[in-house]
Amino acid sequence: MPSFDPYERGCPSRDLLDQIGSKWAVLVLGELGRNGTSRFGQLRQALAGVSEKMLTQTLRTLERDGLVSRTVYPEVPPHVEYELTALGQTLREPLKALTEWSVLHIEEVITAREEYDDRTERTG
């Protein structure tokens with residue numbers, strides 16, 4: 001069995017971390033985890049600021065990685081739904097922990113950013 005190390009160049013696990021760690025992937029996975037099956041328009045509305053193109057790319061990548069399934073219903077217009085796969089479900093807890101951490105510590109991060117910006121502004 002191969003050994004995977006995301007700290008090694010070219011390791012597929014590094015690519016996976018890049019994919020699931022992207023802003024929109026985290027939010028798509030989180031939204032599907034919170035609300036279950038969703039249509040494209042529902043996801044786009046829930047994820048304020050995402051473009052149609054970026055949401056499409058993100059969903060395709062997550063589907064390719066086996067984290068999201070896409071179901072097309074033969075209707076006019078086509079009805080398409082997205083949901084987490086069993087593999088995608090395994091990301092719910094880690095992503096929830098990251099989300100909760102970000103909310104819990106955002107004030108400290110904002111303070112640190114302001115202090116950093118003030119220091120670098122003074123030192124040029």
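Tutor: Before we look at the sheet of this predicted model, keep in mind that two strands count as paired if DSSP finds at least two bridges between them.

Student: How many strands does the open sheet have, and what is their order?

Tutor: In general, strands of a sheet pair through backbone hydrogen bonds, either parallel or antiparallel. Here the open sheet has 3 strands in the order S1-S3-S2, and the pairing is antiparallel. Strand S1 (38-39) and strand S2 (68-73) are the edge strands, each pairing on one side only. Between S2 and strand S3 (residues 79-84) there are 6 bridges, and Tyr73 stands opposite His79 in S3.

Student: At what angle do the axes of helix H2 and helix H4 cross?

Tutor: Two packed helices are described by the angle between their axes and the distance between the axes. The axes of H2 (residues 23-35) and H4 (residues 52-64) come within 10 Å and cross at roughly 75 degrees, and the two helices are therefore roughly perpendicular to each other. Trp24, Ala25, Val28 and Leu29 of H2 make the contact with Met54, Leu55, Thr58, Leu59 and Leu62 of H4, a set that divides into 8 nonpolar residues, 1 polar and no charged.

Student: Which side chain meets that of Arg34 in a salt bridge?

Tutor: Side chains of opposite charge can pair when their charged atoms come close. The partner of Arg34 is Glu31, at 2.8 Å from N to O, and both lie in helix H2, 3 residues apart, about one turn of the helix. Arg34 counts as exposed because its relative accessibility is 67%, whereas Glu31, at 9%, counts as buried.

Terms used: Residues numbered from 1 in each chain as written. Predicted model: local features only at pLDDT ≥ 70, side-chain atom pairs only at ≥ 80, totals over all residues. Heavy atoms only, no water. Helix = DSSP H or I, 4+ residues; strand = E, 2+ residues; numbered from the N terminus. Axes fitted to C-alpha atoms, helices over the stretch in contact; angles between N-to-C directions. Parallel < 35°, antiparallel > 145°, perpendicular 65-115°, else oblique. Contact = heavy atoms within 4.5 Å. Nonpolar A, V, L, I, M, F, W, Y, C, P; charged D, E, K, R; others polar. Salt bridge = Lys/Arg side-chain N within 4 Å of Asp/Glu carboxyl O. Buried < 20%, exposed > 50% of the residue type's maximum accessible area, 1.4 Å probe, protein only.
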